[in-house]
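Trainee: Please take me through this model by question and answer, starting with the ligand and moving on to the pockets.

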Amino acid sequence: MALRFEVLGRFNRARAAQLTLPHFACQTPLFMPVGTQGTIKGLTTDQLEEIGCQIILGNTYHLALRPTSELIDELGGLHKFMNWPRALLTDSGGFQMVSLLHLADITEKGVTFQSPVDGKPMLLTPEESIQIQNRIGADIIMALDDVVRTTITGPRIEEAMYRTLRWVDRCIAAHKRPHDQNLFGIVQGGLDPVLRDICVRGLVDRNLPGYAIGGLAGGEDKDSFWRVVAQCTAALPEDKPRYVMGVGYPLDIVVCSALGADMYDCVYPTRTARFGTALVPEGVLKLKHNAMVNDTRPIDPTCACMVCKNYTRAYIHCLVTKDAMGSQLLSYHNLYYMLQLSRNLHSSIVEGRFPEFVCDFLQKMFPKGD
Ligand code: GUN
Ligand code: ZN
């Protein structure tokens with residue numbers, strides 16, 4: 001195992017831990033910004049360090065197409081290629097294909113898709129996904145899973161769950177760098193507690209260094225989402241990290257952390273920034289709104305980030321949609337907000353004031369109690 005997971009504090013099911021990876025010792029709960037193409041759009045790696053980012057997520061699928069994993073390998077791995085000294089995680093690629101390309105076709109061999117480069121059919125197998133991720137060299141790599149939307153029902157959910165278990169064995173067998181890369185398995189099984197249970201047990205038996213809960217944040221209601229997370233975290237080992245994939249909104253991260261999850265990733269903070277939306281304790285602030293034209297306050301007067309120290313809402317309103325600097329400043333602030341939220345979750349759990357932190361968070365976000 002190429003990681004150490006030390007729980008530093010607990011409050012009921014919530015935990016705060018130190019997750020020591022080959023390139024960085026991270027504090028959990030942990031938010032991972034998504035840097036699809038080997039970059040967080042609009043931010044330099046110096047800025048990411050400055051806001052306290054500890055780990056970035058990259059996508060195998062995008063990196064394998066361009067610049068290709070062979071080239072990244074030849075140039076010394078992704079850390080060096082993108083000038084990022086801290087931790088990296090790569091997702092296995094199947095989910096991106098299925099969610100981005102409706103033409104993807106899944107069989108026992110792997111995921112077949114049409115190359116967006118030349119239109120030729122390409123096959124991503126579990127072995128190939130791991131080989132690519134071994135070349136990219138991230139601290140955490142993900143097993144290739146068969147992902148179905150949580151909103152569908154029927155035998156396809158069961159098929160995908162069992163296939164995910166069969167594929168994880170092929171991933172384990174193909175993994176060439178267990179000494180310096182951690183292979184995480186992904187729990188699938190839709191919203192069905194029986195299937196989720198079979199999948200969790202199957203993965204725990206395989207004794208992997210960490211586990212992810214997949215197949216969520218795909219349009220299911222919050223109640224079902226939280227129920228699956230609660231079931232999986234309760235059944236996963238206490239001494240290993242638990243990662244809820246594709247989550248999420250600040251509120252989801254607070255709730256999932258209360259349920260015992262440790263790691264999250266989401267494009268939301270940076271994507272919403274590009275549409276002119278800032279994350280603030282009250283929820284969101286739309287910088288495109290006409291009320292911002294002459295508003296000389298910072299985005300969030302309580303935020304200590306570089307953007308809030310230096311720029312007004314009026315200025316960002318003026319830039320948004322007209323100049324890349326607008327979305328860069330908003331991405332910077334939004335990621336700062338998410339990372340600060342992670343740090344606050346960590347310290348409130350360690351210091352035994354997690355309930356007070358959650359109450360305060362909820363009160364600001366829902367002042368009328370609705
Ligand atoms: N990203 C968000 N959800 C998932 C999932 O279920 N599997 C994978 N591999 N990536 C994801
Ligand atoms: Zn700010």
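Trainee: How far does a polar side-chain atom of Asp145 lie from a nitrogen atom of ligand 1?

Mentor: This is a predicted model, in which local features need pLDDT of at least 70 and side-chain atom pairs count only at pLDDT 80 or more, while totals for chains, interfaces and linings use all residues. Residues are numbered from 1 along each chain as its sequence is written, chains are lettered from A and ligands numbered from 1 in the order in which they are written, and side-chain values use heavy atoms, with hydrogens and water left out. A polar contact is a pair of N or O atoms within 3.5 Å. Between the polar side-chain atom of Asp145 and the nitrogen atom of ligand 1 the distance is 2.6 Å.

Trainee: Which residue has a backbone N or O atom 2.6 Å from an oxygen atom of ligand 1?

Mentor: Asp91 uses a polar side-chain atom, 2.6 Å from a nitrogen atom of the ligand. The backbone atom 2.6 Å from a ligand oxygen belongs to Gly215.

Trainee: How many charged residues are in the shell around ligand 1?

Mentor: The residues around the ligand (a heavy atom within 4 Å) include Ser92, Phe95, Val147, Ile186 and Met245. Asp, Glu, Lys and Arg count as charged, Ala, Val, Leu, Ile, Met, Phe, Trp, Tyr, Cys and Pro as nonpolar, and the others as polar. Sorted this way, the shell has four nonpolar and five polar residues, and the number of charged ones is two.

Trainee: Which element gives the most residues to the lining of the largest pocket?

Mentor: A pocket is an open set of points on a 1 Å grid where a 1.4 Å probe fits, with protein on both sides within 12 Å along at least five of seven lines, and its lining residues have an atom within 4 Å of a point. The largest one is the space taken by ligand 1, with a volume of about 1,200 Å³. It is lined by 46 residues, with Phe95, Ser99, Gly246, Val267 and Arg271 closest to its centre. Five lining residues come from the top contributor, α5.

Trainee: Which element gives the largest share of the lining of the second largest pocket?

Mentor: This pocket holds about 480 Å³ of space. Among its 22 lining residues, Pro281, Asp300, Thr302, Tyr337 and Lys364 are closest to the centre. Elements (DSSP runs: helices of at least four residues, strands of at least two) that give two or more residues are β16, α14 and α15. The largest share, six residues, comes from α14.

Note on methods:
Polar contact = N/O pair within 3.5 Å; in protein donor to acceptor, adjacent residues only side chain to side chain. Sits in = over half its atoms within 2 Å of the grid points. Points joined across faces, edges and corners; volume = space filled by probe spheres on them.
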